[in-house]
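Hello,

Here is the structure I promised to pass on to you. Have a look at it first, and then read on for what turned up in it.

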Amino acid sequence: MTTAVSKRLHGKTILITGASSGIGRSTAFEFARSCPQDLKLILTARRIDYLREIAAEIVKEIGNGVKVLPVQLDISNPDDVRTLVARLPAEFKQVDVLVNNAGLVKGVAKSPEILEEDINVMFATNVNGLINMTQAILPNMLKLNNGAGSGDIINIGSIAGREPYVGGGIYCATKAAVRSFTESMRKELISTRIRIICIDPGQVETDFSVVRFYGDKDKAKAVYAQVTQNHQERNNDLTLTV
Ligand SMILES: NC(=O)c1ccc[n+]([C@@H]2O[C@H](COP(=O)([O-])OP(=O)(O)OC[C@H]3O[C@@H](n4cnc5c(N)ncnc54)[C@H](OP(=O)(O)O)[C@@H]3O)[C@@H](O)[C@H]2O)c1
């Protein structure tokens with residue numbers, strides 16, 4: 001069935017960073033399901049084996065109407081990002097939709113105990129990586145429509161960028177930076193046909209907390225167990241009061 005969404009996506013090339021897991025992976029499937037014909041997806045992350053598996057799963061579910069290109073990319077490495085477009089095959093070079101999703105959190109330490117390497121990796125990935133990626137893709141978007149430009153940039157921020165919390169000082173600061181950069185760019189691009197938005201998810205159960213706790217799955221699971229319990233308690237409260 002042709003829907004309004006699938007019509008708008010028809011013939012488009014979409015690049016998703018951090019597509020090997022969680023929100024990025026699901027975003028790739030959603031785009032493919034929304035436009036199963038004549039869509040190109042570029043999936044990037046460091047774990048290329050995961051990206052290849054996801055590419056195969058998408059083609060298995062959707063069919064060959066969606067062309068998927070897995071590309072290994074460390075977004076925290078500026079050289080890797082700068083050379084990305086040049087390394088893409090010709091048919092994938094013009095990106096219509098960029099989803100800046102790659103990001104991570106490390107630790108729950110409070111200042112002055114925050115590890116310098118954690119500070120650096122969060123800023124290099126969530127802030128510098130996202131900015132470098134945007135600057136790598138934007139020139140080709142600006143060239144379209146005789147200079148009026150065309151394209152969409154979707155930055156994944158976080159509620160943490162609006163509501164900082166204890167033990168999240170650096171992560172929250174990186175997401176506030178994403179929000180602020182998005183808003184500046186929105187004003188810079190106002191006279192073009194390029195749209196830029198920031199989506200701020202709340203808590204989503206992905207590998208996010210596993211990364212936060214340096215691979216400790218029990219600690220990560222505990223984060224979401226509490227959420228489920230509260231949710232159930234709220235439901236119970238509702239049942240009691242209704
Ligand atoms: N889960 C939540 O509760 C939540 C809430 C609000 C916002 N967010 C944001 O949503 C985004 C996705 O997170 P998620 O929850 O889906 O977590 P996730 O499952 O851990 O996924 C993170 C993705 O980012 C990629 N990534 C991390 N460092 C990278 C690097 N240096 N270069 C390239 N890719 C890198 C990872 O791929 P590789 O490891 O393969 O490189 C992975 O695909 C993040 O920006 C996060 O801050 C998450």
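Let me begin with two helices, H2 and H3, which count as roughly parallel to each other because the angle between them is under 35 degrees. Before going further, please keep in mind that this is a predicted model. H2 covers residues 22-34 and H3 covers residues 48-62; their axes cross at roughly 25 degrees and come within 11 Å. The crossing of H2 past H3 is right-handed. On the H2 side, the contact is made by Arg-25, Ala-28, Phe-29, Ala-32 and Arg-33, and these meet Ile-54, Glu-57, Ile-58, Glu-61 and Ile-62 of H3.

Helix H6 (residues 116-143) packs with H7 at an angle of about 20 degrees, and their axes are 8 Å apart. That angle makes H6 roughly parallel to H7. The contact draws on residues of H6 including Phe-123, Asn-126 and Leu-130, and on residues of H7 including Tyr-171, Thr-174 and Phe-181. Here, too, the crossing of H6 and H7 is right-handed.

Now for the rings. How many aromatic pairs does the structure hold? There is one. Tyr-171 and Phe-208 form this pair in an edge-to-face arrangement, with 5.3 Å from centre to centre and 65 degrees between the planes. The two residues are 37 apart and link distant parts of the chain: Tyr-171 belongs to helix H7 (residues 169-188), while Phe-208 belongs to helix H8 (residues 208-212).

Finally, a few backbone details. Most peptide bonds are trans, and most residues other than glycine have a negative phi. The bond from Ser-111 to Pro-112 is cis, with omega near 10 degrees, and Pro-112 lies in the loop between strand E4 (97-100) and H6. Asn-145 has a positive phi, near 55 degrees. You will find Asn-145 in the loop between H6 and strand E5 (151-156), and at 40% relative accessibility this residue counts as partly exposed. Tyr-214 also has a positive phi, near 55 degrees, and its place is the loop between H8 and helix H9 (217-241).

Enjoy exploring!

Best wishes

Key: Residues numbered from 1 in each chain as written. Predicted model: local features only at pLDDT ≥ 70, side-chain atom pairs only at ≥ 80, totals over all residues. Heavy atoms only, no water. Phe/Tyr/Trp six-rings, centres within 6.5 Å; stacked < 30°, edge-to-face > 60°. Helix = DSSP H or I, 4+ residues; strand = E, 2+ residues; numbered from the N terminus. Axes fitted to C-alpha atoms, helices over the stretch in contact; angles between N-to-C directions. Parallel < 35°, antiparallel > 145°, perpendicular 65-115°, else oblique. Left-handed = near helix turned anticlockwise from the far one by under 90°. Contact = heavy atoms within 4.5 Å. Buried < 20%, exposed > 50% of the residue type's maximum accessible area, 1.4 Å probe, protein only.
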